[in-house]
Amino acid sequence: MKGDLFSSEHVVQPAVEPGMSVENAKCLKYAVDGAMYARQGAMVAYRGSLAFERKGQGVGGMLKRAVTGEGLPLMAVRGRGEAWFAHEAQNCFIVEVEPGDRFTVNGRNVLCFDASLSYDIKTVKGSGIAGGGLFNSVFSGHGRLGLVCDGSPLVIPVSAQAPVYADTDAVVGWTAHLQTSLHRSQSIGSMLRGGSGETVQLKLQGEGFVVVRPSELTAHSQQH
C-alpha cells in the first residue's frame, strides 16, 4: 500500500523500552511488561499477550475509583505486549512523578499510569459547596502518569507573590506545595453574556505550577 497514510509519520514503530511513551499528540503507547493501569474504555488497540481486568472502588487498596461525577472506573492491564490509549481525540501528555512529589489531577484527565504510582482521592480543601465539592486524585510514588486535555494545556507558574485564580472546570491539576481555596467573584463570562451572576474560582497559592485546559467544559465533556 502507498500514500500518506502509510508513511513513517503514521506507522507505529516497535517500543525500545518498557513503559509509557507518546505515540502522537492524541495517543499514548504503553509497552507492558508486568502491569499498568488505565481508565476503562481508553484502549484503542493492543498486540501481544495481555489480559484486562476491570477494577472497582477499593479493590487492592490502591485501586480506588476516582470520584469525578459518576466516577472513573479503572482497568488493570497485565502481561507482555503493547497497548495504545486515547480518549475522544483529546491531546495526550505525560507527567513524570518523582519520589517525594505529589501531583493532584482531576480524574477526568487521567488516561493511564504506571503500577509503581499510588493515588488517593481527596476533596479539594474549601470546596464543600453545592454539587458535592471538588474531588481530585493525588498521585505519588515514582513513575509516569498519562493525561488527556482538551487542547494544549497551559502550565502557569504560581508564586507566593502571584497566586493564580482558575475556573474550577478548567483546572487539570497542580503540583504538591500549592494551597487551594475557593474565591468568589463576578463572572466575566456571565457579564459578556449579559448576565450578572457570581462565579467560583479555585485560588492556588504557594510555589509550584497549575495546569489549565484552554477550553470551556461542555455538557458532553461533563458526562465523560
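Which strand supplies the largest share of the lining of the second largest pocket? Let's look at that pocket, and then at a group of aromatic rings, in this predicted model.

## The second largest pocket

The answer is β2, which gives six residues to the lining of the second largest pocket. Strand β1 (19-24) joins in too: β1 and β2 each supply at least two residues of this lining.

How much space is there? The second largest pocket holds about 350 Å³. Of the 20 residues that line this pocket, Glu17, Pro18, Gly19, Met20 and Ala31 are the closest to its centre.

Now for the rings. There are five aromatic pairs in the model. One of them joins Tyr37 and Phe113, with 5.7 Å from centre to centre and 35° between the planes, which makes the pair tilted. Tyr37 sits in strand β2 (residues 27-39) and Phe113 in strand β7 (residues 110-114), so this pair ties together parts that are 76 residues apart in sequence. Tyr37 is buried because its relative accessibility, 9%, is under 20%. Phe113 is buried as well, at 1%.

Phe113 has another partner, Phe139: their ring centres are 5.1 Å apart and their planes meet at 70°, so this pair is edge-to-face. Phe139 belongs to strand β9 (residues 135-141) and Phe113 to β7, so the pair links parts that are 26 residues apart in sequence.

## One cluster

These rings belong together: Tyr37, Phe113 and Phe139 form one aromatic cluster with Tyr119.

Technical notes
Residues numbered from 1 in each chain as written. Predicted model: local features only at pLDDT ≥ 70, side-chain atom pairs only at ≥ 80, totals over all residues. Heavy atoms only, no water. Phe/Tyr/Trp six-rings, centres within 6.5 Å; stacked < 30°, edge-to-face > 60°. Helix = DSSP H or I, 4+ residues; strand = E, 2+ residues; numbered from the N terminus. Buried < 20%, exposed > 50% of the residue type's maximum accessible area, 1.4 Å probe, protein only. 1 Å grid on protein atoms, 1.4 Å probe; cavity = no way out; pocket = protein on both sides within 12 Å on 5 of 7 lines; lining within 4 Å. Points joined across faces, edges and corners; volume = space filled by probe spheres on them.
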